Amino acid sequence: MSNIKNFEILDCTIRDGGYYTNWDFSDDTVDVYIEAFNDLPVEFIEIGYRSNPMNTYLGRFFYCPIHELKRIREKCRKKLAIILNEKDVREGDVENLLAPCIGLIDMVRIAVDPQNIERAVGLAKAVKKHGFIVAFNVMYMSEWSENEEFIENLKLIGDDLDYFYMVDSFGGVTPDDVEFIFNKIRPILKSKIGFHGHNNLELALINSLKAIELGADIIDATVLGMGRGAGNLKTELLLTFLQSKDIVKFDFNKLSLVIDEFAILHKQYDWGTNLPYMVSGANSLPQKMVMEWVTKRFYSFNSILRALSNQSVGQRDNIQLPPFDFGRYRNHKKALIVGGGSSIREHSTALIQFLNENEDILVIHASAKNGLHFKSLNNQQIFCLIGNEGYRLESVFDKQEFSSNMTCILPPYPRKMGTYIPDIFKDNSFEIEKIDFVKDYENSHTSLAIQTAIELKIESLYLAGYDGYLNSMMDKKEQELFMENSNLFELAKNNISEIKSLSPTKYENVETISIYSMI
């Protein structure tokens, strides 16, 4: 590659990495980042978004307030870029968003959905009037070759753009795809061409090198690949490769400083590719959805892969089940919801005695984890199957332990994560028609368990195995699950007159009584 033409590098760690930190980075982290990149062979640093107000909390680098841009401008010797999201910004917003940035930033990039290219051209014209370098980051590159209307509309861009980026949004293109697309758009565009590669299939480096070989003018990268979903081309990898070919020269000590700083964040957020991201990249499926499944919910890889498999063939769900017959259980006025907490093992003897003495109490398993403790009960038992619970249930029970008093209930069709039911339960599994006592957590195990109790008009609802967590030891996922369950228990009170935990719990909005006082 020694004879390739000159090209530029844009590092967008703070902007793209914000998908993990909610666009909040400490001053110390940003200062280390700026200081290091001042001495690295990178032409642009993209510091974040400029955005209209959103109805949720998003951090400072989603808005890049002017005081922050001034602070960074004073420290940074590189060209600074910000990005606008075209779906949320119109020409009339440009004056308010960008006029205060004159003299502070050099480039304005615009994230563009291919179907909105014509509208984006108008936005680019408005930005250009303020004297900024203007770039389009056009998404979903893997779908361009089949979108003739989009290719035709590229003629509308004219002279209003300085850079046009090919963005591999799904992380699934190959070097051959890069070459095909580059050769297709190069004759149409007057602007320079860039490439932004995602790393789902770990092809970000080779795709970027192919783009450079073809004549790309600018390449995006991020520290440790930090970025949405599976992340991006690693800045340190690109620079190391280029130095090995005598294309750039830099001090590895400077690079090491910023690597060490972001290694702390990587340990916390654990971005990078994995099997679900690989499958989504190979099938051009949205990263946003997979990122949420991987980072914010307790979905197993099996569940995620099943959901992705359904989506890749345009299937809403792989199984539709008969409706659950609530009438069969309407004689129950009391129910016990069993969670996955470890306290079940400690108190199982007392719980079993209590249930043996009260066979009219329905047992609803929000998690199959503790199901084996209750296998010998005569009480009717319902297992809530969401996500990977089918596999867990299969590992808990074998054919000899299955009892006719056990039934499975699933969320409404279609289920986001697809459906898996163990063979021994296939003739005794049913789906609920709706989950409507709550709006936000319809894919929660506890939501399904509570909705079941509500539909059965349960008057007294007991809980066990909802231990909660020690506040000082909760990780982010545990915090989210704790808050989710707290909200669900509070909403359940609107429909169920009595809710009590029989085992110790950290959920302060649930009344606790001792199982030992009940036997």
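This is a predicted model: local features need pLDDT of at least 70, side-chain atom pairs count only at pLDDT 80 or more; totals for chains, interfaces and linings use all residues.

User: Why is Arg415 called buried?

Analyst: Buried means under 20% relative accessible area, exposed means over 50%, and partly exposed lies in between (1.4 Å probe, protein chains only). Arg415 has a relative accessible area of 5%, so Arg415 is buried. Asp317, at 4%, is therefore buried as well.

User: What makes the contact between Arg415 and Asp317 a salt bridge?

Analyst: A salt bridge requires a side-chain nitrogen of Lys or Arg within 4 Å of a carboxyl oxygen of Asp or Glu. The N to O distance between Arg415 and Asp317 is 3.3 Å, and their side chains meet in a salt bridge. The two residues lie in distant parts of the chain, 98 residues apart.

User: How many salt bridges are found in the whole structure?

Analyst: The search finds 27. One of them joins Arg15 and Glu46, at 2.7 Å from N to O. Arg15 lies in helix 1 (residues 13–21) and Glu46 in strand 2 (residues 44–49), so this pair ties together parts that are 31 residues apart in sequence. Helices (H or I, at least four residues) and strands (E, at least two) are DSSP runs, numbered from the N terminus. Both Arg15 and Glu46 are buried.

User: Why is Lys125 called partly exposed, and with which residue does Lys125 form a salt bridge?

Analyst: Lys125 has 38% relative accessibility and therefore counts as partly exposed. Its partner is Asp160, with the closest N and O atoms 2.6 Å apart. Lys125 lies in helix 6 and Asp160 in the loop between helix 7 (148–153) and strand 6 (163–168), so the pair ties together parts 35 residues apart in sequence.

User: What makes a group of residues a nonpolar core?

Analyst: A nonpolar core is a set of buried Ala, Val, Leu, Ile, Met, Phe, Trp, Tyr and Cys residues joined through side-chain atoms within 4.5 Å. The largest one here has 101 residues, and those touching the most other members are Ile47, Phe136, Phe164, Met166, Ile185 and Phe262. Helix 6 (residues 117–128) gives the largest share of this core, 7 residues. Apart from this core lies another, of 35 residues, among them Tyr329 and Leu456.

User: Which residues does Ile47 touch?

Analyst: Contact means heavy atoms within 4.5 Å. Leaving aside residues up to four places away in sequence, Ile47 touches several residues, including Ile14, Arg15, Phe61 and Leu69.

User: How do you know that strand 10 and strand 11 pair?

Analyst: Two strands pair if DSSP finds at least two bridges between them. Strand 10 (residues 362–365) and strand 11 (residues 381–384) are joined by 3 bridges and run parallel. Val363 stands opposite Gln381 in strand 11.

How values were computed
Residues are numbered from 1 along each chain as its sequence is written. Side-chain values use heavy atoms; hydrogens and water are left out.
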